[in-house]
Amino acid sequence: MNLRMRHLPKIAAIAIPIGLCACFSGYSLVKQQTPDVKIPNTSVQLPLNKDNTATFLAALPPTTPNRELLVQSWDSYRQRFIQNDGRVIDYEASDRSTSEGQAYAMLRAVIIDDADTFARTLDWGEKNLRRQENGKYLDSLWAWKWGKRSDGTWGAIDNNFASDGDIDAVTALIFASRRWNRPEYLELARTKLKDLWDGSTAIGFGGKRYLLPGPSAAFIPNASTLHLNPSYLATYAFRIFAQVDRERDWLGLVETSYQVLEKSTQLSKVGLPSDWVALDIKTGQYQILPASSPIQSLYSFDAYRVWWRVALDATWFNSPQAKRYLQTSTKHLQKMWREQKRLPASIDLQGKQLVNYEATSQYAMLYAAWRLTEPKLGKEILEQKLLPQYKQGIWGDHSAYYTQNLAWLGLINPGVLPKQLLQAN
């Protein structure tokens, strides 16, 4: 299917007018830097298609399931979707680039020990996605959308940031600083963490802080409401952030994230997470967004990532909340799979199938969860829905950028990450 559908929620949400408009060519950012943020020296010289298969294989323990497939698919992805300068291209959306795409590449690169591709993708993001207004940098966060503008120039199209992309990028930076002994990566991560906290967290119910999907002006529609996206809630990342940034209460964000995850699923008759929900700050009640809203409350392409993010917290930090959530909130999908041996790509909060097609990305994210809680079902979707979609380095459609990322991230066992990358020095 055309995965542009998956990106519509983010487009609609971030496009809410908030007075921030990018008007400079992305390439013009190369020579403009703020004094307090240093772009790490990447020393990128070799062509991207250099054969590093041996390095990639060595990064994964010999016992890693589907080890050769993971290496082959990463190598295929970086050659097909990543330019030599590090720009990650979404071919299904007018060849645009996004902060999410750059961050996925960084995260995958550090997991598989690809320092060169990591450096390139970070370098391109820092030079082209840094948010500007009136020719000056606003902060160290990345504009979420970059591409061809109506006047034919290329650059940031939407100057707002999307917090999931910045969270994944910072997580990758911390891992990279530890894996390759690059203190400048940690320095940049800390700078971004301050800006992420200041720009993308807000006081909600009970005076506690909640993660917003982007700038407060876009996701706090009125004084009593927050618009939230459960698939952005990376509790494992917040635990890692707390190790390197003690000035901010990242562990408090873990607490409110699980509150959002657990209580917002109560909006669904069958206990599914939703792409988007609203929180009443005064009462603590979660609400379904109205049908007229450009962002919708249903289980679809955004919500899939909840399974993967919660599974990482279960694996890396042995979180009992994570394990419990994965078991309880996937019960409806377990039932559907047992009865039909297929899952629709979109389901409403009453449990009604909304479309007839399936999504490889959903199966990959569910595999990350069921590998832990329902190994028999996990094995079934791996063998019946994931591996059959893989051919010569690509899952499904050769232009499906989103599927390639979620399939790989869901398939790789997070336990392969060296333990020292998860621990503070």
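**Close-up 1. Strands S9 and S10 side by side.** Strand S9 (residues 277-280) and S10 run antiparallel and are joined by two bridges; strands here are DSSP E runs of at least two residues and helices are H or I runs of at least four, numbered from the N terminus. This is a predicted model, in which local features need pLDDT of at least 70 and side-chain atom pairs count only at pLDDT 80 or more, while totals for chains, interfaces and linings use all residues. Residues are numbered from 1 along each chain as its sequence is written, and side-chain values use heavy atoms, without hydrogens and water. Look for Ala 278, which stands opposite Gln 287 in S10.

**Close-up 2. The open sheet.** Three strands line up in the order S8-S9-S10 with antiparallel pairing (pairing takes at least two DSSP bridges between two strands). At the edges, strand S8 (225-228) and strand S10 (286-287) each pair on one side only.

**Close-up 3. Helix H6.** Of its 17 residues, 16 are buried (under 20% relative accessible area, 1.4 Å probe, protein chains only). Asn 181 follows H6, with a positive phi near 50 degrees.

**Close-up 4. Where H9 meets H11.** The axes of helix H9 (residues 235-244) and helix H11 (residues 305-317) come within 7 Å and cross at roughly 50 degrees. The contact comprises six nonpolar, two polar and three charged residues.

Methods
Buried means under 20% relative accessible area, exposed over 50%, partly exposed in between (1.4 Å probe, protein chains only). Axes are lines fitted to C-alpha atoms, for helices over the stretch in contact, and angles run from 0 to 180 degrees between N-to-C directions. Ala, Val, Leu, Ile, Met, Phe, Trp, Tyr, Cys and Pro count as nonpolar, Asp, Glu, Lys and Arg as charged, and the others, Gly among them, as polar.
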